[in-house]
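Trainee: I am new to this one. Can we go through its charged pairs and a helix contact together?

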Amino acid sequence: MTNKLFSLGPYLKRPAFRLVLQTIEKLGHLSRTQLSAMTKLSPASITNICDRLISLGVIQDAGRGPGYLGRKPVYLETNPNAGYTIVLELCPHEVRFFLMDFCSNVRSHCTIPVTAEEPSPPLLSDLVRSSVLASGLSSCFCICIADNLGLSERMAPEALTEPLSAEFDLPVYYENGLNLTALAEALFHFSEEFINVLYLNIGETVRMSLITDGMVSPFLAGRPPKIGKIVEAHDIDGCPVTLDDMASLRYIRRQVVKQLLARPDQAAENPEQVFPAPFSYPDFFRLAQAGDPDAQETLRLYGRQLSRVIYNMVCLYNPDAVVIGGLSPDAVDSILSAAGGADFTSIGNVKVYLAHYGDVSVAKGGAKYSISRLLSGEL
């Protein structure tokens, strides 16, 4: 299957071609009349550009819409088979391979266990070579490495990108996995015309990324921020409480420990115990859903903390929307239910959404990131 994007390079040097293709790729399902209105190009120019892009196989007809006075407009959309992106997601103990089409759909994927702490360039090369051959696709237009290990803090990204680029003769992009997740979630919510989206990943710690004008804002760069310098509150005893204390799942663990030690029988049996063992967050959320009073009280407190975090982030960054990821939908349902149905969808006139794409969010964000760089004329 031939990669049609390799014949697109000369046309991407023309601003009008880039503008039309970027508009179709971002919004999709547009008629030529709508393209002319959005891009401020003449109908004749739009017709010529679209005919050329169709002949190149980059865009395609998407059917006809309702007619006006007997004329039915023809809608256009990007051709998913126009080109393919390889996304390598570096995770603890494994590397995930995704082959994404030009519409950011997953064509194939696999997971390879990794015993070493840091994946080596030969391992990534072997994974790309074997997976692309197995997929039956002859070529891809770029490779995107999504780093979920924080390797850039220990090694130069070029140590991974340059060997792959030299072997496969493709551009190789390197980005923090959190940023790509945030980008995918922000693009999903662009149907609401949101430009600036704050993504909060709630786990053992809090991680955040800010999407500005549809791209990752460089000043956050997906790294854990200096929490105490960004947000600081105080508890009832006057002790400082950071964003991590307020929003991470560790807050739930601490509350469970307090409940454990507050019970005379448990405290006598486990005077030295710091955490209840075994402790499982999924089990805890299932207890809350089953009506356990201690678990529900903890989630009520956690829901209030999470609301404070969102409010503080809105005041700091003034985003159009906040997306919460890292928690399973069941966990979020438990939090909202135990908090008495607290409504997080409107805080400070900013809508709050739950993450949508789940495990494939990094791959979708990597594909979108790569396509945006392609359409900017970098190929």
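Predicted model: local features only at pLDDT ≥ 70, side-chain atom pairs only at ≥ 80, totals over all residues.

Trainee: How many salt bridges does the count come to?

Mentor: Side chains of opposite charge can pair when their charged atoms come close. The cut-off here is 4 Å between a side-chain nitrogen of Lys or Arg and a carboxyl oxygen of Asp or Glu. By that rule, the number of salt bridges is 10.

Trainee: Which residue forms a salt bridge with Asp126?

Mentor: Look along helix H5, residues 121-135. The closest N and O atoms are 2.9 Å apart, and the partner is Arg129.

Trainee: Glu204 forms a salt bridge with Arg253; how many residues apart in sequence are the parts this pair ties together?

Mentor: The closest N and O atoms of Glu204 and Arg253 are 3.9 Å apart. Glu204 lies in the loop between strand E9 (197-202) and strand E10 (206-212). Arg253 lies in helix H10 (residues 250-262), so the pair ties together parts whose separation in sequence is 49 residues.

Trainee: Is Arg253 buried or exposed?

Mentor: Buried means under 20% relative accessible area. Glu204, at 38%, counts as partly exposed. Arg253 has 18% relative accessibility, so Arg253 counts as buried.

Trainee: Which residues do salt bridges that share partners join into one network?

Mentor: Start with the salt bridge between the side chains of Glu94 and Arg96, 2.9 Å from N to O. Glu94 is partly exposed at 22% relative accessible area, and Arg96 is partly exposed at 24%. Shared partners make one network, and its members are Glu89, Glu94 and Arg96.

Trainee: At what angle do helix H3 and helix H4 pack?

Mentor: Two packed helices are described by the angle between their axes and the distance between the axes. H3 spans residues 32-39 and H4 spans residues 43-56. H3 passes H4 in a right-handed crossing. Their axes are 9 Å apart, and the angle is about 115 degrees.

Trainee: How many nonpolar residues does the contact of H3 with H4 have?

Mentor: H3 brings Arg32, Leu35, Ser36 and Thr39. H4 brings Pro43, Ile46, Thr47, Cys50, Asp51 and Ile54. By class, 3 residues of the contact are polar and 2 are charged, while the nonpolar count is 5.

Terms used: Residues numbered from 1 in each chain as written. Heavy atoms only, no water. Buried < 20%, exposed > 50% of the residue type's maximum accessible area, 1.4 Å probe, protein only. Helix = DSSP H or I, 4+ residues; strand = E, 2+ residues; numbered from the N terminus. Axes fitted to C-alpha atoms, helices over the stretch in contact; angles between N-to-C directions. Left-handed = near helix turned anticlockwise from the far one by under 90°. Contact = heavy atoms within 4.5 Å. Nonpolar A, V, L, I, M, F, W, Y, C, P; charged D, E, K, R; others polar.
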